[in-house]
Amino acid sequence: MKLHKAAKLQGIITVPGDKSISHRSVMFASLAKGTSEITGFLEGADCLSTIECFHKMGISIEMKKGSGRVLVHGKGLHGLSAPSATLDAGNSGTTTRLISGILAAQNFTSRLTGDASIQKRPMKRIIDPLSQMGADISSESANGCAPLVIRGMPLHGIDYTTKTASAQVKSAILLAGLYADGVTKVTEPYVSRNHSEIMLHLFGADLSTDGTTAIIRPGNPLYARHIHVPGDISSAAYFIAAAAIVPNSEILIRNVGINPTRDGVLKAAKAMGADITLENIRTDCGEPAADLLVRSSSLCGTQIGGSIIPSLIDELPVIAVMAAFANGCTVIRDAAELKVKESDRIAVMVENLQAMGCDIEATDDGMIIRGGNPLHGAVIHSYGDHRIAMSFAVAALMAEGETQILESECVDISYPGFYGDLQSLR
Ligand code: S3P
């Protein structure tokens, strides 16, 4: 993909459905009794991997391509059958980790793997707590990564405290807890995204929260629901950043999920001086959403760290791009998790922003960006990481000359049609 500088951005846009909520809707609906209708579903490659995994376990799922509407004919908590073949999570960490919690409790053995990136991502973080519950999970290459072989076992409830806030780890444990012989509690240092808690409750699970602890009591069956998925704030973040940095811009982004465990990008952007107005705030299926009006403004550097990190972890690459165009220094701390995402997002952001002429350095747990200098186009290595490709499509809008993004098609993982939507605002 080749991109050039933009004079201004203007228009109205609707981003695709939230990736985290779309995954969960298919998983929980598969475990519920009856037919669930999902609307606003994200038809990105990651969520299609989740659908394919449940297909292989005997769940009938209907989707008319391009409609965002999915019908899941759930068979209840004990309705899955042994997969017909290896389960393939593709590029999706959410699929791999959440499904592991479900598979750990089934009365069959399954093999779960994914692409080259997934096979490098740490799974010990779910293997350890699930093993404490009685699960039998082995990493085939004995390196703590997928392929995983999961032999279903009877599970017991645990009281588990995580060192790092992770919704994927928390959700894997809660899903295993649906099948355990007693109460399961997960306590995190900070609350990570709580879509599992909201949606499990909606489907009828006995799920409660107390501060940073989520508690699940097994025994309740899950029942089919209508789930409406709001637009993904992680996808909206590219347009928020783009409208903020390109002078004379004004865009409206419709129907964006603004769950407080996900809205750190709004807080960080506002702290940098971004002009963002929330309109038409409403709640659907327990998830708040709004329309976002974003106008360009002059940005300044900021400090980002501590409890806000889980609420903007996926947006840090594009926040780093905003920081490159902000006056002054931006320091990002407590974000070592970036190193184990779809790529090492600290190393990859530093490499690519430096290639564009930005003054940026990596730290052990984040980045220091001295912004405000003009950037020039460059060849960007996305390493097949969708969030890196989209972040640099935004940077390109303010760079002199041409920016070329390699493996640019990886945006299909979370945002098919991204480049067209960006182009429509020029
Ligand atoms: C996700 C949780 C986050 C996030 C990922 C999606 C989820 O990962 O980075 O893109 O849907 O639960 P961690 O929970 O590992 O931080």
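Predicted model: local features only at pLDDT ≥ 70, side-chain atom pairs only at ≥ 80, totals over all residues.
**Entry 1**

I placed V70 in strand β5, which covers residues 70–75. Setting aside residues up to four places away in sequence, I listed what V70 touches, and the list reads S36, E37, I38, F41, I51, I61, E62 and M63. I also checked V70 against E250, and noted that the two are 180 residues apart in sequence, with 33 Å between their C-alpha atoms.

I then turned to T39, which I located in strand β3, residues 33–39. With a relative accessible area of 17%, T39 is buried, because the cut-off for that word is under 20%. Leaving out neighbours within four places in sequence, I recorded contacts of T39 with G68, R69, H226, I227, H228 and V229.

**Entry 1: two helix pairs**

For α1 (residues 19–30) and α2 (residues 45–56), I noted a packing angle of about 10° and axes that are 9 Å apart. That angle makes α1 roughly parallel to α2. I wrote down the residues that make the contact: K19, S22, H23, V26, M27 and S30 on the α1 side, and D46, C47, T50, I51 and F54 on the α2 side.

For α3 (residues 93–103) and α5 (residues 167–177), I found that the axes come within 6 Å and cross at roughly 25°. Angles under 35 degrees count as roughly parallel, and α3 and α5 are therefore described in that way. From α3 the contact uses G93, T94, R97, L98, G101 and I102, while α5 contributes Q168, S171, A172, L175 and A176.

From β15 I went on to β17, where I counted 6 bridges in an antiparallel pairing, with E250 partnered by R295 of β17.

What stands opposite D275 in β17? I found that it is R295, the residue I had already noted as the bridge partner of E250. D275 belongs to strand β16 (residues 275–284), which pairs with β17 (residues 287–295) in the antiparallel sense over 8 bridges. The two strands form a hairpin with 2 residues between them, and C285 in the turn has a positive phi of about 55°.

I read the order of an open sheet of 3 strands as β1-β23-β22, with mixed pairing. Its edge strands are β1 (2–3) and β22 (379–381), each of which pairs on one side only. Between β22 and β23 (residues 403–406) I found 3 bridges and a parallel run, and I noted I405 in β23 as the bridge partner of I380. Helix α11 (residues 386–396) packs on this sheet and touches β1, β22 and β23, with its direction at about 175° to that of β23.

The other open sheet I looked up has 4 strands in the order β18-β19-β21-β20, again with mixed pairing. Here the edges are β18 (303–304) and β20 (359–363), pairing on one side only. I recorded 5 bridges between β20 and β21 (residues 366–371), which run antiparallel, and I369 of β21 as the bridge partner of I360. Helix α9 (residues 316–324) lies across β18, β19 (328–332) and β21, and runs at about 25° to β21.

**Entry 2: nonpolar cores**

Which residues touch the most other members of the largest nonpolar core? Of its 81 residues, I found these to be F239, I253, L316, M367 and F418. Helix α7 (residues 233–245) supplies the largest share of this core, with 11 residues. Another core lies apart from it and has 65 residues, including M133, I158, L175 and M199.

How values were computed:
Residues numbered from 1 in each chain as written. Heavy atoms only, no water. Pairing = 2+ DSSP bridges. Core = buried A, V, L, I, M, F, W, Y, C linked by side-chain atoms within 4.5 Å. Buried < 20%, exposed > 50% of the residue type's maximum accessible area, 1.4 Å probe, protein only. Axes fitted to C-alpha atoms, helices over the stretch in contact; angles between N-to-C directions. Parallel < 35°, antiparallel > 145°, perpendicular 65-115°, else oblique. Contact = heavy atoms within 4.5 Å.
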